[in-house]
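Dear colleague,

Please find the structure below, handed over for your review.

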Amino acid sequence: MAAFRPDPPRPVSPVAPRTDAPRGVAAPVARVIEAFRRLPGIGPKSAQRLAYHLVRMPEAEAAELSEAITGVKQRIKLCETCADITEATTCHICTDPNRDRSTICVVEEPLDVTAFERTRAYTGLYHVLHGAISPTSGIAASDLKIKELLQRLQANTADQTVTEVIVATNTNLDGEATAMYLQRAISPAGIKVTRLARGLPSGTDIEYADDATLAHSLESRAEIGA
Ligand SMILES: [Zn+2]
């Protein structure tokens, strides 16, 4: 009898199905469950529920969902000016002639732009950093869209003069570190750098702040280091 030899160890792939996938689940379903589990806020039970919902879904509906997911990756890009997510080269806010071009609100994520737009309290422009400086996670200023922001400010021209940058990063350690960095980088250029008012609870994610609080903290923003 041949001696039992275990399989050689396989390299761990980030797409390899988890070994704790439910037993007795067909491989295609297990694959979908695993894909859902990678989404934020989806636990194992929700992932299973969604996967079995997909199994029961009419084929046309499933195809539409699949097309929407593929399409979002293929068609979206970052606005060349503000780095927000857009379908065009320049987003609809940057091209809107009615926006106040003297103010740029700097946010961490595209969802934060949505949060401010919901308040209808802001009519200026935005700049999306795509994260925050985080020494603990090894995220440096060079990993974010900070260089692009500084270039944008340097390109101040007669018809587009930015006089204020509102730093609307989250109110946690990383957000504060980013705000300080931006203040040091921008204020020597003579541009006012303001921060959302303290009314926003510490540790707040801008995207989850309620509209009234966000509008109020925007209205009563204060200059950093003043
Ligand atoms: Zn834009």
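Ile206 lies in the loop between E6 and H7, where helices (H or I, at least four residues) and strands (E, at least two) are DSSP runs numbered from the N terminus. This is a predicted model, in which local features need pLDDT of at least 70 and side-chain atom pairs count only at pLDDT 80 or more, while totals for chains, interfaces and linings use all residues. Residues are numbered from 1 along each chain as its sequence is written.

Is Ile206 buried or exposed? Ile206 counts as buried because it has 23 C-beta neighbours inside 10 Å. A residue is termed buried if 20 or more other C-beta atoms lie within 10 Å of its own, exposed if 12 or fewer, and partly exposed in between, with C-beta atoms placed from the backbone. Neighbours within four places in sequence aside, Ile206 is in contact with Val107, Glu108, Asp112, Ala115, Ala168 and Asn170; two residues are in contact if their C-beta atoms, placed from the backbone, lie within 7 Å. Thr114 is 92 residues from Ile206 along the chain, and their C-alpha atoms are separated by 9.9 Å.

**Overall arrangement**

The protein has seven helices and seven strands. Along the sequence they follow the pattern α-α-α-β-β-β-α-β-α-β-α-β-α-β. The protein has 226 residues, of which 24% count as buried. Among contacts with a separation of 6 or more, 54% are between residues 24 or more positions apart.

**H4 and H7**

Helix H4 and helix H7 (residues 211-219) pack at an angle of about 90°, and their axes are 9 Å apart. Here the axes are lines fitted to C-alpha atoms, for helices over the stretch in contact, and angles run from 0 to 180 degrees between N-to-C directions. H4 and H7 are therefore roughly perpendicular to each other, a term that covers angles of 65 to 115 degrees (under 35 is roughly parallel, over 145 roughly antiparallel, and the rest oblique). From H4, the contact is made by Ala115, Phe116, Arg118 and Thr119; from H7, by Asp211, Leu214 and Ala215. By class, the contact of H4 with H7 has four nonpolar, one polar and two charged residues. In this scheme Ala, Val, Leu, Ile, Met, Phe, Trp, Tyr, Cys and Pro count as nonpolar, Asp, Glu, Lys and Arg as charged, and the others, Gly among them, as polar.

Thr119 belongs to helix H4 (residues 110-119). Thr119 is partly exposed, as 18 other C-beta atoms lie within 10 Å. Residues up to four places away in sequence not counted, Thr119 touches Asp211, Leu214 and Ala215. Thr119 and Asp210 are 91 residues apart in sequence, yet 8.7 Å apart in space, C-alpha to C-alpha.

Helix H6 (residues 173-186) has 14 residues and reaches 20 Å from its first C-alpha to its last, close to the 20 Å expected at 1.5 Å a residue; the expected span is 1.5 Å times one less than the number of residues. Which residues of H6 are buried? They are Gly175, Thr178, Ala179, Leu182 and Ile186. These residues cover an arc of only 105° around the axis, which puts them on the same side of H6; the arc is that of the directions from the helix axis to the C-beta atoms. Their cover includes strand E3 (103-107), helix H5 (146-154), strand E5 (164-167) and strand E6 (192-195).

Val193 is found in strand E6 and counts as buried, with 22 C-beta neighbours inside 10 Å. Leaving aside neighbours within four places in sequence, Val193 is in contact with Val165, Val167, Leu182, Gln183, Ile186, Ser187, Glu223 and Ile224. The C-alpha atoms of Val193 and Leu182 are separated by 8.0 Å.

H3 is hardly covered, as the count of buried residues among its 17 residues is zero.

Two residues with positive phi also deserve mention. Arg120, in the loop between H4 and strand E4 (125-128), has phi near 60°, a positive value in a residue other than glycine. Arg120 is exposed, with 9 other C-beta atoms within 10 Å. His130, in the loop between E4 and H5, has a positive phi of about 65° although it is not a glycine. His130 is partly exposed, with 17 other C-beta atoms within 10 Å.

Yours sincerely
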